Amino acid sequence: MLTGSETMEHRHLTHRQYTLAAIDDIISRGRRQDWIALRDAIRTSPPLAEKVLAVCAAHTSDQYAQRYHFWDHYVRSRAV
């Protein structure tokens, strides 16, 4: 769960949970502290990694979607 004033407000979302839409927003528009919070959440909640992979799968066919490629690689490399 997102906490603190240092995390970003997600467009059109009124909650502070890592839903698929929130993850997509963090990856596409997030700042460094948002990415750190997502990374830490993945480390403490392994099921969240599957959500990140699902979000990335929708974008990795685009070779220029570098943020999604990064997160897909990060999550998959942690699973090894």
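The model is a prediction, so to speak of local features a pLDDT of at least 70 is needed, side-chain atom pairs count only at pLDDT 80 or more, and totals for chains, interfaces and linings use all residues. Residues are numbered from 1 along each chain as its sequence is written, and side-chain values use heavy atoms, with hydrogens and water left out.

The overall layout comes first. The protein has four helices and zero strands, and reading along the sequence gives the pattern α-α-α-α. Helices here are DSSP runs of H or I with at least four residues, strands are runs of E with at least two, and both are numbered from the N terminus. Of the 80 residues in the protein, 34% are buried, where buried means under 20% relative accessible area, exposed means over 50%, and partly exposed lies in between (1.4 Å probe, protein chains only). As for how the chain meets itself, take the contacts (heavy atoms within 4.5 Å) between residues at least 6 apart in sequence: 41% of these join residues at least 24 apart.

Next comes the inside of the protein. In soluble globular proteins, nonpolar side chains tend to be buried together. A nonpolar core is a set of buried Ala, Val, Leu, Ile, Met, Phe, Trp, Tyr and Cys residues joined through side-chain atoms within 4.5 Å. The largest such core here has 18 residues, and Ile27, Leu38, Ile42, Val52 and Trp71 are the ones that touch the most other members. Helix H1 (20-29), H2, H3 and H4 each supply at least two residues of this core, with H3 giving the most, six residues. In H1, the buried residues are Ala22, Ile23, Asp25, Ile26 and Ile27, and their cover includes H2, H3 and H4.

Leu38 sits in helix H2 and, at 0% relative accessibility, counts as buried. Not counting residues up to four places away in sequence, Leu38 touches Tyr18, Ile26, Ile27, Leu48, Val52 and Trp71. Leu38 and Tyr18 are 20 residues apart along the chain, with 8.5 Å between their C-alpha atoms. Ile42 is also found in helix H2 and counts as buried at 6% relative accessibility. Once neighbours within four places in sequence are set aside, the contacts of Ile42 are Leu48, Ala49, Val52, Trp71 and Val75. From Ile42 to Arg78 there are 36 residues in sequence and 9.7 Å in space, C-alpha to C-alpha.

Over in helix H3, there is Ala54, which counts as partly exposed at 44% relative accessibility. Ala54 and Leu20 lie 34 residues apart in sequence, and their C-alpha atoms are 8.0 Å apart in space.

The aromatic residues come next. Rings of Phe, Tyr and Trp (its six-membered ring) pair if their centres lie within 6.5 Å; planes under 30 degrees apart count as stacked, over 60 as edge-to-face and the rest as tilted. The structure holds five such pairs. One of them, Trp35 with Phe70, is stacked, at 5.5 Å centre to centre and 15 degrees between the planes. Trp35 belongs to helix H2 and Phe70 to helix H4, so this pair ties together parts that are 35 residues apart in sequence. Phe70 itself is partly exposed, at a relative accessible area of 43%. Trp71 and Tyr74 make an edge-to-face pair, 5.6 Å centre to centre with 80 degrees between the planes. These two are three residues apart in helix H4, so about one helical turn separates them, and both are buried. Trp35, Phe70, Trp71 and Tyr74 together form one aromatic cluster.

On a 1 Å grid over the protein atoms alone, a pocket is an open set of points where a 1.4 Å probe fits, with protein on both sides within 12 Å along at least five of seven lines, and lining residues have an atom within 4 Å of a point. The largest pocket has a volume of about 160 Å³, a volume being the space filled by probe spheres set on the points, which are joined across faces, edges and corners. Its lining consists of Ile42, Arg43, Pro46, Ala49, Glu50, Leu53, Val75, Arg76, Arg78 and Ala79. Helix H2 (32-44), helix H3 (47-57) and helix H4 (66-79) each supply at least two lining residues, and H4 gives the most, with four. By class, the lining has six nonpolar, no polar and four charged residues; Ala, Val, Leu, Ile, Met, Phe, Trp, Tyr, Cys and Pro count as nonpolar, Asp, Glu, Lys and Arg as charged, and the others, Gly among them, as polar.
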